[in-house]
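Biologist: I'd like to learn how to read a model like this one. Could you walk me through it?

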Amino acid sequence: MTRGEFLLSSAVVQSSITSMSKDTSMAFLPSNGGGGGVSKEEYSNTRKLSVDEAIFTIHQHTPPDFIKAVSQSQKLLYRGEEDFGSTCLIMAPEPDLLFFDTYSNDQALEYFTQLERCLRAAEREKENQSSSGKEKEFIVRPSNGHIGTPSSSEAARWGTAVSIWPLGSQFSYSYPKDRTLFFDETNPIDGLTIRSCQLDVEYNRRLNTALTMGKEVMFSSLSAAFPDSSFLAIPSKYDDKLLAAICSIPPENR
């Protein structure tokens, strides 16, 4: 589904997460990176999810690998978005890591541009190694991903901290091996390391470890039901309820 297809007919919860009805007016909200960017006018015209509807959506559409990592680590992933009170939102922001204005830093742009090249190369290598007819591995890149952090205080630097839940049937993630942040302006990576593609990142392995260690996570997802790289944003006031709901899912269903 393209990013322009912003309407979704979906099952929603009426009295509990198991009793549901069809909704034909749910809209996806664009945002502007970690700091948010949805206007109040856009917000007022958008279908709003209750927390029970959001939990149902997580059970149905959040990738099992992500749910399992949250359950194992007991850590949530956050982004900073505009404050919309108690409402839960499905968001479809345009990936912005390859835009100068995101960090307003030339070295950050160089870093993410080179990281894009490195991860594209890794994806091509995986594709060449895969057997004929086997589905190629989907790998997140700055051009298709967003960054979240297990630290709500770090997310709050970009806006109001909300927990985020990727939506889609295919899911990929990456995180720095030896650092907490992908790009840290107080401790930047030297230009030679960037240009030589020696960027120490892990992808599609041990997400629970990354969450436990407090590392930034770049994530992306593909879906036939939602715009690519969509995620559910839930106010942090519901953190405890979310963790309890996720832990209630039987291990074989995660």
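Modeller: Let's start with a term: buried means under 20% relative accessible area, exposed means over 50%, and partly exposed is in between, using a 1.4 Å probe and protein chains only. Ser230 is a clear case: its relative accessible area is 0%, so it counts as buried. Before going on, note that this is a predicted model, where local features need pLDDT of at least 70, side-chain atom pairs count only at pLDDT 80 or more, and totals for chains, interfaces and linings use all residues. Residues are numbered from 1 along each chain as its sequence is written, and side-chain values use heavy atoms, with hydrogens and water left out.

Biologist: What share of the protein chain is buried?

Modeller: Of its 254 residues, 50% are buried.

Biologist: And where does Ser230 sit?

Modeller: Helices (H or I, at least four residues) and strands (E, at least two) are DSSP runs, numbered from the N terminus. The protein chain has nine helices and ten strands, and Ser230 is in the loop between S9 and strand S10 (231-235).

Biologist: Which residues does Ser230 touch?

Modeller: A contact means heavy atoms within 4.5 Å. Leaving aside residues up to four places away in sequence, Ser230 touches Met91, Ala92, Pro166, Leu167 and Ser221. Ile90 is 140 residues from Ser230 in sequence, yet their C-alpha atoms are 7.0 Å apart. Across the protein chain, take the contacts between residues at least 6 apart in sequence: 80% of them join residues at least 24 apart.

Biologist: What does the side chain of Ser230 reach?

Modeller: For a polar contact, look for a pair of N or O atoms within 3.5 Å; within protein, one must be able to donate a hydrogen and the other to accept it, and residues adjacent in sequence count only if both atoms are side-chain atoms. The Ser230 side chain reaches the backbone oxygen of Pro227 at 2.5 Å.

Biologist: Now Ser221: is it buried or exposed?

Modeller: Its relative accessibility is 1%, so Ser221 is buried. Ser221 lies in strand S9 (residues 217-222), and its side chain reaches the backbone oxygen of Leu167 at 2.8 Å. Beyond residues up to four places away in sequence, Ser221 touches several others, including Phe138, Gln170, Asp228 and Ser230.

Biologist: How much accessible surface does the protein chain have?

Modeller: Accessible areas come from the Shrake-Rupley method with a 1.4 Å probe; for residues, only the protein chains shown count as cover. Here the total is about 12,000 Å², and 47% of that belongs to carbon and sulfur atoms.
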